[in-house]
Amino acid sequence: MKTLFNTEQKKVTKEWEDKVSKLHSAAKNTYAKVNNQQKVYVSKYDENSSAQAALKYNEKHSGNITPKEMDKTRTKADKARDELEKTDTLYQNLVKQVQEEMSTWEKEMSGLCKKFQDLDEQRIDHLRDYLWKCTNIDSQANVDHDQCCENVRLILEKCDIDNDIDHFITRFKTGNRHPARVEYRGHAKISTPVSNRRLPSIPNSGSHIYADVS
């Protein structure tokens, strides 16, 4: 069964998990870009090194190089240098970006760990308090049940078989004389109809057992 406490805990947990997960994804994507840009940077660096070496070689042997070839070599060297500078700038910017994103992620991750510890402490305290109350209720129920049993025992201690039988006889006795014999009477001797004679009453079986038990 969901409670307000559990709902609030899940809400806070999801908020922190979503926030840290987004930061981690952003840093991971940027890190992938850094690796790709690093490869491009190394490639452009090698191209620039080759172009600059070719330019120096042609300048050193300019007597054997036509002006057109020299211009072509110089243009290629300039282009390689520009591309290297652009690639290097982009590479450095991505490195800075991933450093900032990882720093933010690490900071929020630390905050998440602390928050999760707080939530765990609250959950343990809540569960301990809940179980404590449940055991108190169960313990009180056992005390009440034992008290009821004790009350029954106290009543049973008052039971005395001889006294109880005497009490029953005194309360439900029908007299100490036998009823008159029923004799045959001729029609002439009958003065009182037999139907008007009263027989002693007999108590219902078991009607006395719980009569005085409160």
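Two residues are in contact here when they have heavy atoms within 4.5 Å of each other. Keep that in mind as you look at this predicted model: among contacts between residues at least 6 apart in sequence, 83% join residues at least 24 apart.

What is the protein built from? There are 3 helices and 0 strands, and reading along the sequence gives the pattern α-α-α. Of its 214 residues, 11% count as buried.

Start with helix H1, which covers residues 4-60. With its 57 residues, H1 reaches 83 Å from its first C-alpha to its last, close to the 84 Å expected at 1.5 Å a residue.

Now bring in helix H2, residues 67-157. Two packed helices are described by the angle between their axes and the distance between the axes. For this pair, the axes come within 6 Å and cross at roughly 160°. Angles over 145 degrees count as roughly antiparallel, so H1 is roughly antiparallel to H2. The crossing of H1 past H2 is left-handed. As for the residues involved, the contact of H1 with H2 has 30 nonpolar, 16 polar and 15 charged ones.

Which residues of H1 are buried? They are Gln9, Val12, Trp16, Val20, Ala27, Thr30, Val34, Gln37, Asn48, Ala51, Leu55 and Asn58. And what do they pack against? The buried residues of H1 pack against H2.

Note on methods
Residues are numbered from 1 along each chain as its sequence is written. This is a predicted model: local features need pLDDT of at least 70, side-chain atom pairs count only at pLDDT 80 or more; totals for chains, interfaces and linings use all residues. Side-chain values use heavy atoms; hydrogens and water are left out. Axes are lines fitted to C-alpha atoms, for helices over the stretch in contact, and angles run from 0 to 180 degrees between N-to-C directions. Helices (H or I, at least four residues) and strands (E, at least two) are DSSP runs, numbered from the N terminus. Angles under 35 degrees count as roughly parallel, over 145 as roughly antiparallel, 65 to 115 as roughly perpendicular and the rest as oblique. A crossing is left-handed if the near helix is turned anticlockwise from the far one by less than a right angle, and right-handed if clockwise. Ala, Val, Leu, Ile, Met, Phe, Trp, Tyr, Cys and Pro count as nonpolar, Asp, Glu, Lys and Arg as charged, and the others, Gly among them, as polar. The expected span of a helix is 1.5 Å times one less than its number of residues. Buried means under 20% relative accessible area, exposed over 50%, partly exposed in between (1.4 Å probe, protein chains only).
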